[in-house]
Amino acid sequence: MKKIALASAMAVAIYAPAIAALVKIDNAKSAVNIVFKQMNVPVDAKFKKFTASIDYDSAKPEASKATVDIDVASFDLGDAEYNKEVLKKEWFNAAAFPKASFVSTSMKAGAAGKLDVSGKLSIKGKTVDVSFPLTVKKEGNSQVFDGSLPIKRLTFNIGEGEWKDTGMVADEVQIKFHVVTNP
């Protein structure tokens, strides 16, 4: 019995620092938005539901990790009919691919106090390698992670059939995120 207790105590001692590094996300203050152009007019939309797991160490950013999962059905263009349309097969195909995700593969100190983040972005069954700068700042006891990731929607088959034509909806999309942690 003592061996089990000792082994349990050692496991807690070894793994507690890693658990303590995980931060809790403040969903009320956090956001994942996208900006694209339709008929050359910028359109802002958001995902209402997402989760993020961030294991961030400011002293050793290269040891940091992040995972973000987005509920595709929570996409909001501000109009119920448009929201219903973009969930169809030609766009997000939310029935077959209910989740989009990002999993970091590396983080390192970059220029101007930013982090250079690389990882795998998966949308609509397609996974690609992506990289982007990330700003991390302290606000009180919270940490704030801000970034913008440019993608091409057609890389992920978002807009199939007649919607492949980029004359109506541009291929370029900016995924913008603002993630705030709870103290």
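Me: Contact means heavy atoms within 4.5 Å. By that rule, which residues does Ser 101 touch, not counting those up to four places away in sequence?

Reply: Ser 101 touches Val 68, Asp 69, Lys 120, Leu 121 and Ser 122. One caveat first: this is a predicted model, where local features need pLDDT of at least 70 and side-chain atom pairs count only at pLDDT 80 or more, while totals for chains, interfaces and linings use all residues. Residues are numbered from 1 along each chain as its sequence is written, and side-chain values use heavy atoms, with hydrogens and water left out.

Me: Where does Ser 101 lie? Buried or exposed?

Reply: Ser 101 lies in strand β7, residues 99–109. Helices (H or I, at least four residues) and strands (E, at least two) are DSSP runs, numbered from the N terminus. Ser 101 is buried, at 16% relative accessible area. The cut-offs are under 20% for buried, over 50% for exposed, and partly exposed in between, with a 1.4 Å probe and protein chains only.

Me: Zoom out. How many helices and strands are in the protein chain?

Reply: There are 2 helices and 11 strands. From the N terminus on, the order is α-β-β-β-β-β-β-α-β-β-β-β-β. Of the 183 residues, 35% count as buried. Take the contacts with a separation of 6 or more: 55% of them come from residues 24 or more positions apart.

Me: Now Lys 124. Where is Lys 124 found, and is it buried or exposed?

Reply: Lys 124 is found in the loop between β8 (115–123) and β9 (126–139). It counts as buried, at 9% relative accessibility.

Me: A buried lysine. Which side chain joins it in a polar contact?

Reply: Glu 160, side chain to side chain, at 2.5 Å. A polar contact is a pair of N or O atoms within 3.5 Å; within protein, one must be able to donate a hydrogen and the other to accept it, and residues adjacent in sequence count only if both atoms are side-chain atoms. A polar atom of the Lys 124 side chain also lies 2.6 Å from the backbone oxygen of Asn 157.

Me: What else is Lys 124 in contact with, leaving aside neighbours within four places?

Reply: The list includes Lys 89, Glu 90, Trp 91, Phe 92, Asn 93 and Phe 97.

Me: What about phi at Asn 157?

Reply: Asn 157 has a positive phi of about 60°, although it is not a glycine. It is found in the loop between β10 and β11. Asn 157 is partly exposed, at 35%. Asn 93 also has a positive phi, near 50°. Asn 93 lies in the loop between α2 and β7 and is buried at 15%.

Me: Next topic, the largest pocket. How much space lies in it?

Reply: About 820 Å³. On a 1 Å grid over the protein atoms alone, a cavity is a set of points where a 1.4 Å probe fits but cannot get out, and a pocket is an open set with protein on both sides within 12 Å along at least five of seven lines; lining residues have an atom within 4 Å of a point. Grid points are joined across faces, edges and corners, and the volume is the space filled by probe spheres set on the points.

Me: Which lining residues are closest to its centre?

Reply: Of 41 lining residues, the closest are Ile 34, Phe 47, Phe 75, Phe 92 and Val 173. Strand β11 (residues 169–182) gives the most to the lining, 6 residues.

Me: How does the lining split by class?

Reply: 37 nonpolar, 2 polar and 2 charged. Ala, Val, Leu, Ile, Met, Phe, Trp, Tyr, Cys and Pro count as nonpolar; Asp, Glu, Lys and Arg as charged; the others, Gly among them, as polar.

Me: Which Phe residues form an aromatic cluster?

Reply: Phe 47, Phe 75 and Phe 92 form one. Rings of Phe, Tyr and Trp (its six-membered ring) pair if their centres lie within 6.5 Å; planes under 30 degrees apart count as stacked, over 60 as edge-to-face and the rest as tilted. The count comes to 7 aromatic pairs. Phe 47 and Phe 92 are edge-to-face, 6.0 Å centre to centre with 70° between the planes. Phe 47 lies in strand β3 (residues 41–47) and Phe 92 in the loop between α2 and β7, so the pair ties together parts 45 residues apart in sequence. Both are buried.

Me: And how far apart are the ring centres of Trp 91 and Trp 163?

Reply: 5.2 Å, with planes at 50°, so the pair is tilted. Those two are 72 residues apart. Trp 91 is buried at 10%; Trp 163 is partly exposed at 24%.
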